[in-house]
Amino acid sequence: MTDATSAWLGFGAIAAGLAAYLAHVTRKSILVRRRLRDLEARP
Amino acid sequence: MAAATAMPEPSSPKAVDEARGQRTRLTVYVAAALAVAVLAWATWFPTPWGPAPDWTGSPDVAAPMTRKLFFWHPALAWATFAAYVTTFAASVAYLNERDLKFDAPARSAAEVGFLLNTLALVTGTLWGLQEWSRSGQAPIATVLTEPKVLVVLVMWMTFAAYLLLRRMVDDETRRARLGAAFAILGVLGVPASFLTSRLLPKSLHPDVVGAGANPDAALSGYPEALFWFSAAAMVLLFVALFLARLRLARLEDRVKDLEATA
């Protein structure tokens, strides 16, 4: 593996990992809030 | 116009607390995003405080581009330590008080810590493959027999087991108790990892700060300032991710409570 490939993989892993986790938390948060709204609206 | 777009004043003390909490979270998110963006820029481009660190042509550096992970890999490791110590503190508080309110911060910090730990392992492995070599050994064998890598791998597996266990146990009290036990076991990896490279002469992993640091790896001037900035930025990023995950964990708990009473 060349130096450039290694650097791309390293920085790419950091960017992809952080972005994927943020997307996961945001998506889950939207779903949980929606569920909470439904439950609280129930008589 | 201003009156139409102004935020409504919170009426109850609970609403005031909530509004303050939202402002704090927003401040931390923005500060963390800004700090990481500045760090990303400073790693590759000049800033008003100095040029981008460049090891091209340095006789001691085999991979000058990968070496730029220097401002990310240790910072990720320190943020991992901060996350696991937070999990440890919340787990001890849970075992002491037997109050499930401590379980949400424990599991939130563990999840974020596991992400940071994974990224630290991946970046460290890539960097090690480029720069470490023992005579007669393939680079991958050198990395996989490095004591510090093995210790961090065991810590990573303990927290992987922690997160899996939480999915497998239904009873929330039992889940919190077992989780706390795993967290206390896993956090032993923090001092073990810190000390391994300092105490074992066989270790190839350099230490750049604190007692036992390698004199030939010591930094000074702008690169040293950037190194400390990277650590602060990554710990701030951990705090931001932790607050976001903790907020979600509390909402999940509220949904479960409502579902149980429905």
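Analyst: **The interface and its two sides**

Of the 43 residues in chain A, 33% count as buried, where buried means under 20% relative accessible area, exposed over 50% and partly exposed in between (1.4 Å probe, protein chains only). Before going on, some housekeeping: this is a predicted model, with local features needing pLDDT of at least 70 and side-chain atom pairs counting only at pLDDT 80 or more, while totals for chains, interfaces and linings use all residues. Residues are numbered from 1 along each chain as its sequence is written, chains are lettered from A and ligands numbered from 1 in the order in which they are written, and side-chain values use heavy atoms, leaving out hydrogens and water.

Chain A has one helix and zero strands; helices (H or I, at least four residues) and strands (E, at least two) are DSSP runs, numbered from the N terminus. Its C-alpha trace spans about 65 × 10 × 5 Å along the principal axes. The accessible surface of chain A is about 2,800 Å², with 66% belonging to carbon and sulfur atoms (Shrake-Rupley method, 1.4 Å probe; for residues, only the protein chains shown count as cover).

Now for the interface itself. The size of an interface is often given as the accessible area lost when the parts come together. Here chain A and chain B bury about 2,600 Å² between them, and carbon and sulfur atoms give 73% of that; buried area is the accessible area (1.4 Å probe) that two parts lose on being put together, summed over both. On the chain A side, A:Asp3, A:Phe11 and A:Tyr21 lose the most area to chain B, together 25% of what that side buries. In terms of residues, 26 from chain A and 32 from chain B take part in the contact, meaning heavy atoms within 4.5 Å.

Three salt bridges link chain A and chain B, each a side-chain nitrogen of Lys or Arg within 4 Å of a carboxyl oxygen of Asp or Glu. One of them joins A:Lys28 to B:Glu252 at 3.3 Å, N to O. By class, the side of chain A that touches chain B has 14 nonpolar, six polar and six charged residues: Ala, Val, Leu, Ile, Met, Phe, Trp, Tyr, Cys and Pro are nonpolar, Asp, Glu, Lys and Arg charged, and the others, Gly among them, polar.

And the partner? Chain B has nine helices and zero strands, and 45% of its 262 residues are buried. Its C-alpha atoms fill a box of roughly 65 × 55 × 30 Å along the principal axes. Among contacts in chain B with a separation of 6 or more, 70% are between residues 24 or more positions apart.

B:Gly113 is buried, with a relative accessible area of 0%, and its C-alpha atom is 7.5 Å from that of B:Phe81, 32 residues away along the chain. Setting aside neighbours within four places in sequence, B:Gly113 touches B:Thr80, B:Ala83 and B:Tyr84. B:Phe81 turns up again with B:Ser193, whose contacts beyond four places in sequence are B:Phe81, B:Lys148, B:Val151 and B:Val152. B:Ser193 is in helix α8 (residues 189-199) and is buried at 2% relative accessible area.

B:Arg98 lies in the loop between α3 (73-97) and α4 (103-131).
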